[in-house]
Each structure stands twice: as C-alpha cells, then as structure tokens.
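Open the model in your viewer and keep the selection tool ready. The tour goes stop by stop.

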Amino acid sequence: MSSPAEYYKSLPPISKAFGTLCLLMTTAYQFKLYDPQNIALLYKPVFTHFQVWRLITNFFFLGNFSINFGIRLLMIARYGVQLEKGPFDRRTADFLWMMIFGSFSLLVLSAIPIFWSPFLGISLVFMLLYVWSREFPNAQINIYGLVTFKAFYLPWTMLAMDVIFGSPLMPDLLGIIAGHLYYFLTVLHPLAGGKNILETPMWVHKIVARWQIGAQPISRAQPAGRAQPEPTTGTTFRGRSYRLSD
C-alpha cells in the first residue's frame, strides 16, 4: 500500500494543482489569513477597481473545513484524477483547456444575476463530475451501501442530496450546465457529424510543452481530438465506456 506522499506524487498535474490550491485556500481561511470577501467573484470591484484576481481566486475556495469540503476534495481526487488518467491520458493540454473553458463558461453564466455565485469552486468540481459521468456512463455507483445506479445519474443525485441537506442549488447546477456545454461541443456535436469547434488552442499546447506539465502525448497529429468512441449500439447512454481501475 502506497504512502500518502507516494499517492500525492502519483496524481496527474492539473487535478493535483486544483485540489492542492483548494486545500491551501481553505487552510489559510481557517487560520484567518484572509477575508473571503477579498477573493469572491464581485464584478463591480473587478471593473471599477481592476481587482481582476477575483476572476481566478474565487475558483479555489470550497468553504471552511467541513464534511461538504471533504466531499468536494474527494470528488477532485477521484473523478478529476480518473478523467485525467483515463480519457485525457497524455492529453494534459486538452484537460487544461477543459478547465479553462469551464471556468470561463462559469464566469459568463455567473454574470447573469439569477445565476450569480460568489465562489465558483464547487461549480468547477461539479463540471468535472458531469464530464466524468458522461465518459463513464455505465459505471456502477453505490451510495452508502443502500442504492446502486449508473454513473450517468451521479451529478443529479449529488445535486438532489445537496438540496436535501440544505446546500445551495445554484453552484451545482452551474457546474452541470458548464459540463454539458463542454461535452456537447467536444463529443456529442462531432459524433453527430458536426465540427469540433472547441479544439484546444495551440497556446495551451505550448504552455504545457514549455513547462513540461504531465506526460508528453504519443502523437501530435490530432492534438485536441478525442479518441474514437466505442460502438454505442444497444447501450443505454452514449459514452466511451472506459474501464475503471480498481
């Protein structure tokens, strides 16, 4: 059994960086090193006082130490890591672009008053969860040993549980919307014969290559392309049916 240090070292770079920053931000908050209001997504100070850091920092605050915080962090460690090691294996630039596109989509959605949320970290986690559920739609999920269902339904199950236990609905819903938008543009639309209009920009590939982030791709012939899906005839959901490791 690997030690915590070995496990942490084995994590893929983007998921590891996201989870680490979320943990550090919450730890700093617990020690009262900053006021969350200073990193919240408030558009007025962004445009009137050029506090542009708010557009980034709000994504790394998942709340104070609590059960909900632990669940969100575990979601990054499980679903984000499985995505980065599975469908996005050796495609670090594509995974980073997914995170960038998801963040931008959430910022745009949150500019609409009814969708506004001061912190979009939970939404970004839910975006990862949604994309994972589409990539592994037939994986079996067990909740507390009581209910078993397909992974396709997991985002909606988690949203329902958050509502039941009194958590806000909007952050979860925003993440699902952003995740579906990404998956539709990069997988469903191309599968239907359309063009992939969300190909990873070359500048993202250059950043990953320049800083040597993650494993290098085997082939650059199609840097932003998706692997060919397995035949879906006779299956319940369209996905690429990746096998989960034990």
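Select Asp94 and Arg91: are they buried or exposed? Asp94 is buried, and Arg91 is buried too. Buried here means under 20% relative accessible area, exposed means over 50%, and partly exposed lies in between (1.4 Å probe, protein chains only). Asp94 and Arg91 form a salt bridge, with the closest N and O atoms 2.8 Å apart. The term stands for a side-chain nitrogen of Lys or Arg within 4 Å of a carboxyl oxygen of Asp or Glu.

**Before going on**

This is a predicted model, where local features need pLDDT of at least 70, side-chain atom pairs count only at pLDDT 80 or more, and totals for chains, interfaces and linings use all residues. Residues are numbered from 1 along each chain as its sequence is written, and side-chain values use heavy atoms, with hydrogens and water left out.

**The whole chain**

Zoom out and show the cartoon. The chain has 10 helices and 2 strands. These are DSSP runs, numbered from the N terminus: helices are H or I over at least four residues, strands are E over at least two. Trace the chain along its sequence and the pattern reads α-α-α-α-α-α-α-β-β-α-α-α.

Of the 246 residues in the chain, 46% are buried.

Contacts come next, meaning heavy atoms within 4.5 Å. Take those between residues at least 6 apart in sequence: 68% join residues at least 24 apart.

Color by pLDDT, the predictor's confidence in each residue, from 0 to 100. The chain mean is 89, and 88% of the residues reach 70 or more. Then select residues 220–239. There pLDDT stays under 50, and the model has 40 contacts beyond four places in sequence for this stretch.

**Helix 8**

Select residues 154–164. This is helix 8, where Leu154, Pro155, Met158, Leu159, Met161 and Asp162 are buried. Look down the helix axis: the buried residues fall within an arc of 165°, so they line one face of helix 8. The arc is that of the directions from the helix axis to the C-beta atoms. As background, an α-helix has 3.6 residues a turn, so residues three or four places apart point the same way.

What covers that face? Show helix 5 (67–85), helix 7 (121–135), strand 1 (140–143), strand 2 (147–150) and helix 9 (170–191), which are among the elements covering the buried residues of helix 8. Step just past the end of helix 8 to Gly166, where phi is positive, at about 90°.

Asp162 lies in helix 8 and Arg72 in helix 5, so the pair ties together parts 90 residues apart in sequence. Asp162 is buried at 7% relative accessible area, and Arg72 is buried at 4%. The salt-bridge count for the model comes to 2.

Move along helix 5 to Ala77. At 28% relative accessibility, Ala77 is partly exposed.

**Ser123**

Go to helix 7 and select Ser123. Its relative accessibility is 0%, so Ser123 counts as buried. The Ser123 side chain reaches the backbone oxygen of Pro171 at 2.8 Å. Leaving out residues up to four places away in sequence, Ser123 touches Leu106, Pro171, Leu174 and Gly175.

Which loop holds Phe50? Phe50 sits between helix 3 (43–48) and helix 4 (54–57). Phi of Phe50 is near 55°, positive in a residue other than glycine. Phe50 is exposed, at 66% relative accessibility.

Finish at Gln212, in the segment after helix 10 (202–210). Gln212 also is not a glycine, yet has a positive phi of about 50°. Gln212 is exposed, at 65% relative accessibility.

How values were computed:
A polar contact is a pair of N or O atoms within 3.5 Å; within protein, one must be able to donate a hydrogen and the other to accept it, and residues adjacent in sequence count only if both atoms are side-chain atoms.
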